[in-house]
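Reader: I am new to this structure. Could you take me through some of its features, one at a time?
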Amino acid sequence: MNMPGIKLHPLLLLHGALVIDDSPVQRLNAVEILRQAGIQRVYEAGDGLAGLEAIRNLFPPPALLVVDLEMPKMDGIEMLQALANENYRPPVLIASATHASLVSSVETMCRELGLPILGAFEKPFTAEILKTALRYFDHILEVRQSHRRAETEVSPEEVSEALIKGQIQPHYQPKFCLKSGQILGLEALARWSSPTRGMVSPAAFIPVAEDNGMITQLTMVMLDAVLLQSQVWQREGFTPSIAVNLSALSLTENNFVNEVIKRTLNAGVAPSQIIIEITESALISDMGAGLGALGRLRLKGFGLSMDDYGTGFSTTQQLARLPLTELKIDRSFVSGAPDRNSLRTILGSVIRMGCDLGLNTLAEGVETELELRLLQSLGCQQVQGFLLAKPMPGDIVLPWRQENGARIQALIMADSSD
Ligand code: C2E
Ligand code: MG
Ligand code: MG
């Protein structure tokens, strides 16, 4: 018997699901619900060790795991870590009777381990919970397949050819002021428009470029395109800041900073209009050289943004030592924050800290209006995210703004009455 409104993914039908829970009552309940949903192969295990054993012995391995966190012998957390080590990463549904903050930190751990989380729920398991979780199932597999395709297929020769042929170009994602609703700047994100593959995302080729000594060339291709675009917009009276992502590897390369400064000035673009985005991990490898390079860029007037803030290891002290102008708060703090107390608290304190350090605070990955309102109430200054605008080719930014500017402004300003 299938659940109305839910079409089971073929992988679930073929590979089935595994329930790992030490309570026989809860386990049976979950098994029953999965079977009623139309999943024929449902396996069960009474603790983490037995779960791991089952996964190793099953062929094909289950396509979905329902995992209890508290179990004897090996608990759910240990088991998930062991799974990730074995390179088996099926979608997981976390069951728990414990505190929401623990569940939330386990979710973060899973994300770090690359284990896709369908959701976390307080026991008992119900058909409704399963239904909600399965909505994400197809999406997760799709994303994973596209990554896998990319991982296995892109070769250094292809990236090199794409760079030479000018097939790698920026798309631009607007960043909005949370008070006025105006576009303050845009982030340039690399896109490879391949004649054979279509549009390829940076996750597929940036690592290849980094590993094969081509990342600085890629950065320069991006910078040149951004400078050209900035000139075009300037002529049309549009002078936003444009952010360029920088790989750590380029930062320590001889002459890199000089080249960036030279090209920017030659293009007649004010360095203050260019924001350099770096990630925390970028600075860990060679802090001294990195700091020197960033210091010089800052001296010339470039903006410096700490990208994906919160995913690395920088302390407040380290932050204060960097010549930053902006803190870009990672999506993982934003998504889900409206209904998670612990995330909301962290988000609030990161925003306050950014403000106290005199930095512009920008939240990434805003996908819902609730997240937007929360960020407004927490005093965040800027937002970027699919709710407002996706990355787009440079030549459609102005027409897009013409068409959508008023709507976005109304959406952002809807809250400014209080
Ligand atoms: P990033 O710099 O943190 O860029 C933000 C990423 O989040 C972009 O992915 C963007 O499309 C995506 N994004 C924006 N809003 C949302 C949202 O509301 N929801 C979700 N789920 N995602 C959102 P993209 O373009 O795939 O880029 C991924 C990463 O690749 C970037 O992360 C950046 O680290 C790297 N990258 C992109 N272009 C370049 C480049 O020119 N040079 C270097 N070194 N790295 C680049
Ligand atoms: Mg970025
Ligand atoms: Mg980011």
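Author: Begin with a term: contact means that heavy atoms lie within 4.5 Å. The model is a predicted one. In it, His15 belongs to helix α1, residues 10–15. Beyond its neighbours within four places in sequence, His15 is in contact with Arg41, Tyr43, Pro60, Pro61, Pro62 and Ala63.

Reader: Which backbone atom lies 3.2 Å from a polar atom of the His15 side chain?

Author: The backbone oxygen of Pro61 does.

Reader: Pro60 was in that list of contacts. Is the peptide bond from Phe59 to Pro60 cis or trans?

Author: The general idea is that most peptide bonds are trans. The bond from Phe59 to Pro60 is cis, and its omega is near -5°. Pro60 sits in the loop between α3 (48–57) and β3 (64–68). Another cis peptide bond links Lys123 to Pro124, with omega about 5°. Pro124 is in the loop between β5 (117–122) and α6 (127–153).

Reader: Is phi of Lys73 positive or negative?

Author: Most residues other than glycine have a negative phi. For Lys73 the value is positive, near 60°. Lys73 is found in the loop between β3 and α4.

Reader: How should I read a pair of packed helices?

Author: Two packed helices are described by the angle between their axes and by the distance between those axes. Take α4 (residues 76–85) and α5 (residues 100–113): the angle is about 5° and the axes are 10 Å apart. Angles under 35 degrees count as roughly parallel, and therefore α4 and α5 are roughly parallel to each other.

Reader: Which residues of α4 and α5 meet?

Author: From α4 come Ile77, Leu80, Gln81 and Ala84; from α5 come Leu102, Val106, Met109, Cys110 and Leu113. Sorted by class, this contact has eight nonpolar residues, one polar residue and no charged residues.

Reader: Now the ligand. How many residues surround ligand 1, and which are the closest?

Author: There are 23 around ligand 1, and the closest are Arg191, Asn245, Asp307, Glu367 and Phe386. By class, the shell has ten nonpolar, five polar and eight charged residues.

Reader: What polar atoms lie by the oxygen and nitrogen atoms of ligand 1?

Author: A polar atom in the side chain of Arg191 is 2.8 Å from an oxygen atom of ligand 1. An N or O atom of the Arg331 side chain is 3.2 Å from a nitrogen atom of ligand 1. Phe386 uses its backbone: an N or O atom there is 2.7 Å from an oxygen atom of ligand 1. As for cover, ligand 1 on its own has 800 Å² of accessible area, and the protein covers 81% of it.

Reader: Which elements give two or more residues to the shell around ligand 1?

Author: They are β7 (183–194), α8 (202–211), α9 (215–235) and β11 (303–309). The largest share, four residues, comes from β7.

Conventions:
Residues numbered from 1 in each chain as written. Chains lettered and ligands numbered in written order. Predicted model: local features only at pLDDT ≥ 70, side-chain atom pairs only at ≥ 80, totals over all residues. Heavy atoms only, no water. Axes fitted to C-alpha atoms, helices over the stretch in contact; angles between N-to-C directions. Parallel < 35°, antiparallel > 145°, perpendicular 65-115°, else oblique. Nonpolar A, V, L, I, M, F, W, Y, C, P; charged D, E, K, R; others polar. Polar contact = N/O pair within 3.5 Å; in protein donor to acceptor, adjacent residues only side chain to side chain. Near = heavy atom within 4 Å. Areas by Shrake-Rupley, 256 points an atom, 1.4 Å probe, with all protein chains shown as cover.
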